[in-house]
Amino acid sequence: ATRRHLSSSSTRMAVNNMTVFGGGLMGAGIAQVASQHGIKVTLCDLTDQALATSKTMIQKSLSRIANKKHPDSKDEQQAFISGVLDNVTFSTDPQASVKDVDLVVEAIVENIKVKKELFHMLDGECDAKTIFASNTSSLSISEIASATTPARRAKFGGLHFFNPVPQMKLVEVIRTEETSDETFQTLLDVCKRMQKRAVSCKDTPGFIVNRLLVPYMFEAVRMLEREDATAEDIDAAMKLGAGYPMGPFELLDFVGLDTAQHIMDGWRLKVESGEEKSLSSDLVAPSGLLSQKVKEGKLGRKSGEGFYKYN
Ligand code: 3HC
């Protein structure tokens, strides 16, 4: 069915505060960008240690931005950084974190069971008005939302950000069959408020970006396995011949070899079970070279080595 075009006068809720679950790279980035645009943020994770790491990540990213914004004034740089950080509350108490909150954004581990447990718990804790969104990159939004009551499912959608969140201009907004027009519009408004370009996509594997990017990266690995070309030349080719900011191997090292493999493994299970018809079995075939590297702990930049070595 075609969706009704929503005019700017359609009902929506103003999001003034947001709670982000998961203080990893993505969660910390989302919290930072929301705070930069005047949304009051609570960042919630399991331990104080995890939150300390999130705070350091946010500080580092903000200083890059501050250096550019105020190149001639250390005071103004510092004022900018503290202004954004003061707007973020760090918490290890999930129940207290969602009191009166307009929007919850989940960016925890990519595990369907753990995500469903979190949202089921939050459904019981949150006001009826609270909108729920997941930053999942590969799981089904409807399946995650099924852990909540029907009323909440109307207030459930996907908000998929890209790494590095402060730099990447895109957010994919996912609506399920049950997401209400008001919720969808509110999610689009939040993206606009954060000065991101929103695109919408149905609740399909990988949405738009990963559906194209992950098979492309796997195809590059297969090319390397066949010894058609070297990793360096494939990367140079895609940067200089297709205008990509990073080649496929640089990008694999950047997103994490384990992350790319995890996405593909999830898709393969769905193809094998017959649940997913839009992906072919060739497309989701595993890569021996990639699996081997993951087994050896060569996960990319974060582990110091992937297809390239890092200091
Ligand atoms: N915080 C703030 N600013 C940042 C930043 C951060 N974490 N990281 C980079 N920047 C800024 C830099 O300050 C710099 O700003 P300037 O141009 O105004 O001076 C700009 O970004 C470029 O950074 P660098 O000069 O350090 O390096 P590059 O020019 O190589 O850019 C990059 C780095 C932005 C990461 C670029 O290489 C790029 O766009 N790569 C592709 C990234 C990509 O494809 N991401 C998506 C991955 S898929 C994904 O996330 C989905 C998930 O579900 C798997």
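In this predicted model, serine 61 is in contact with Gln32 and Pro166, leaving aside its neighbours within four places in sequence. Serine 61 is found in helix H2. The residue counts as buried because 21 other C-beta atoms lie within 10 Å, and the cut-off for burial is 20 or more. Lysine 68 is also found in helix H2. Lysine 68, however, has 9 other C-beta atoms within 10 Å, so it is exposed; the limit for that class is 12 or fewer.

Both residues carry an annotation. The unreviewed UniProt entry marks Ser61, Lys68 and Ser137 as "binding site". These positions are spread over 77 residues of sequence. They are spread in space as well, with up to 30.5 Å between C-alpha atoms.

The ligand is surrounded by 18 residues. Ser61, Ser137, Asn163, Pro164 and Pro245 are the closest. Helix H2 (48-69) supplies the largest share of this shell, four residues. Helix H9 (209-225) and helix H11 (248-255) each supply at least two. Domain 1 (17-202) and domain 2 (212-303) each contribute at least three residues. By type, the shell divides into ten nonpolar, six polar and two charged residues.

The largest has 50 residues. Val20, Ile30, Ala31, Val104 and Val105 have the most contacts inside it. Helix H1 (residues 25-36) gives the most to this core, with six residues. Valine 20 touches several residues beyond four places away in sequence, including Ile30, Ala31, Leu43 and Val105. A second, separate core has 23 residues. Among them are Val214, Met217, Phe218 and Leu290.

Technical notes:
Residues are numbered from 1 along each chain as its sequence is written. This is a predicted model: local features need pLDDT of at least 70, side-chain atom pairs count only at pLDDT 80 or more; totals for chains, interfaces and linings use all residues. A residue is near a molecule or strand if its C-beta atom, placed from the backbone, lies within 6 Å of it. Ala, Val, Leu, Ile, Met, Phe, Trp, Tyr, Cys and Pro count as nonpolar, Asp, Glu, Lys and Arg as charged, and the others, Gly among them, as polar. Domain bounds come from an automatic or database domain assignment. A nonpolar core is a set of buried Ala, Val, Leu, Ile, Met, Phe, Trp, Tyr and Cys residues joined through C-beta atoms within 7 Å. Two residues are in contact if their C-beta atoms, placed from the backbone, lie within 7 Å. UniProt positions are given in the numbering used here, feature names are shortened, and annotations may be inferred rather than shown by experiment.
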